[in-house]
Amino acid sequence: MSDDISEHPDRPQRGQVLFAALLLICATLLIAALGSQTKWLDGKDFFAQPRFWPAIGVGGMVVFTALHFWYLPRKPRRLPRWMREADWLQWAESLFWGVLALALSLWLGPIKAAPYVFLVATIRVTWLYQHWTDRREAKVWASVVEWAGWFLAYVLLVPIIGYLPVTVAFTVLLTWRVGYRDHIMMWSAVLFAIAVVLVFKSFLQVKIPGSALYEYLPGALRSFFILNF
């Protein structure tokens, strides 16, 4: 979470509302899964039940995170004038959430539906009271997904294209991505990638899946690339 304080001293640090909401959503999903992921055994003591301690832990997460979320400073709900003046719209919104809660209760039963109703309410409250600084912080958090995507793409492409070409390509692309543009850095990235492949594949003989693309090479060259690159 960023250390920057929002421009309004009566509001939390940016991203704090999102962090609390995400934790509350995860805890709510966990408590909704207790019925299918844990068991209640006949004849066992209450405190020895497999469901008891997970319920205590997850229930505590929900209760205390909900309290933290509720007591966070929030910006007032700002609606366009036509929406503020349209009482029917606010009544319709309240009716919609009531009908949704009733439908979930009839479909799943009141006990099973309660976590999902609470989940929807959490998402709705978060949307109403999040600040623009929260959205900016969310973009910072989302940047992590990009780097995870690079890694996953690398892992998926190595068995298809080959360890050497994929390593060289990704090293150059990531060098460009972090801001280096000059030819010296690009060629340094290429040499570094080749050195990594030689050390791990040729010298250390690390078991890396062979490339499907290498199968189209001529016989001797195919064996050489599969063994070394």
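Gly59 is located in helix α3, which covers residues 52–71. In this predicted model, Gly59 counts as buried because its relative accessible area is 16%, under the 20% cut-off. Apart from residues up to four places away in sequence, Gly59 touches Ile31 and Pro54. A further relation across the sequence is that of Gly59 to Thr28: the two are 31 residues apart along the chain, and their C-alpha atoms are separated by 8.5 Å.

**Helix α3**

The buried residues of α3 are Phe52, Val58, Gly59, Gly60, Val62, Thr65, Ala66 and Phe69. The length of α3 agrees with expectation, because its 20 residues at 1.5 Å a residue should span 28 Å and its end C-alpha atoms are 28 Å apart.

**Overall architecture**

The secondary structure of the protein consists of 10 helices and zero strands, and the order of elements from the N terminus is α-α-α-α-α-α-α-α-α-α. The protein has 229 residues, of which 28% count as buried. Among contacts with a separation of 6 or more, 63% are between residues 24 or more positions apart.

**Packing of α8 and α9**

Two packed helices are described by the angle between their axes and the distance between the axes. For helix α8 (residues 163–177) and helix α9 (residues 183–203), the angle is about 145° and the axes are 9 Å apart. The crossing of α8 past α9 is right-handed. On the α8 side, the contact is made by Tyr163, Leu164, Thr167, Val168, Thr171, Val172, Thr175 and Trp176. On the α9 side, the residues are Met185, Met186, Ala189, Val190, Phe192, Ala193, Ile194, Val196, Val197, Phe200 and Lys201. By class, the residues of this contact comprise 15 nonpolar, three polar and one charged.

Thr175, one of the α8 residues in this contact, may be considered individually. Thr175 counts as buried because its relative accessibility is 12%, under the 20% cut-off. Leaving aside neighbours within four places in sequence, Thr175 is in contact with Tyr180, Met185, Met186 and Ala189.

**Aromatic pairs**

The structure holds three aromatic pairs. Phe52 and Trp53 form one of them, in an edge-to-face arrangement with 4.7 Å centre to centre and 80° between the planes. Phe52 is buried, at a relative accessible area of 11%, whereas Trp53 is exposed, at 54% relative accessibility.

Tyr154 and Phe170 also pair: their ring centres are 5.5 Å apart and their planes lie at 70°, so this pair is edge-to-face. Tyr154 belongs to helix α7 (residues 132–161) and Phe170 to helix α8, and the pair thus links distant parts of the chain, 16 residues apart. Phe170, at 10% relative accessibility, counts as buried. Ring pairs join Trp150, Tyr154 and Phe170 into a cluster.

The accessibility of residues discussed above is collected here.

| Residue | Relative accessibility | Class |
|---|---|---|
| Gly59 | 16% | buried |
| Phe52 | 11% | buried |
| Trp53 | 54% | exposed |
| Phe170 | 10% | buried |
| Thr175 | 12% | buried |

Definitions and conventions
Residues are numbered from 1 along each chain as its sequence is written. This is a predicted model: local features need pLDDT of at least 70, side-chain atom pairs count only at pLDDT 80 or more; totals for chains, interfaces and linings use all residues. Side-chain values use heavy atoms; hydrogens and water are left out. Axes are lines fitted to C-alpha atoms, for helices over the stretch in contact, and angles run from 0 to 180 degrees between N-to-C directions. Helices (H or I, at least four residues) and strands (E, at least two) are DSSP runs, numbered from the N terminus. A crossing is left-handed if the near helix is turned anticlockwise from the far one by less than a right angle, and right-handed if clockwise. Contact means heavy atoms within 4.5 Å. Ala, Val, Leu, Ile, Met, Phe, Trp, Tyr, Cys and Pro count as nonpolar, Asp, Glu, Lys and Arg as charged, and the others, Gly among them, as polar. Buried means under 20% relative accessible area, exposed over 50%, partly exposed in between (1.4 Å probe, protein chains only). Rings of Phe, Tyr and Trp (its six-membered ring) pair if their centres lie within 6.5 Å; planes under 30 degrees apart count as stacked, over 60 as edge-to-face and the rest as tilted. The expected span of a helix is 1.5 Å times one less than its number of residues.
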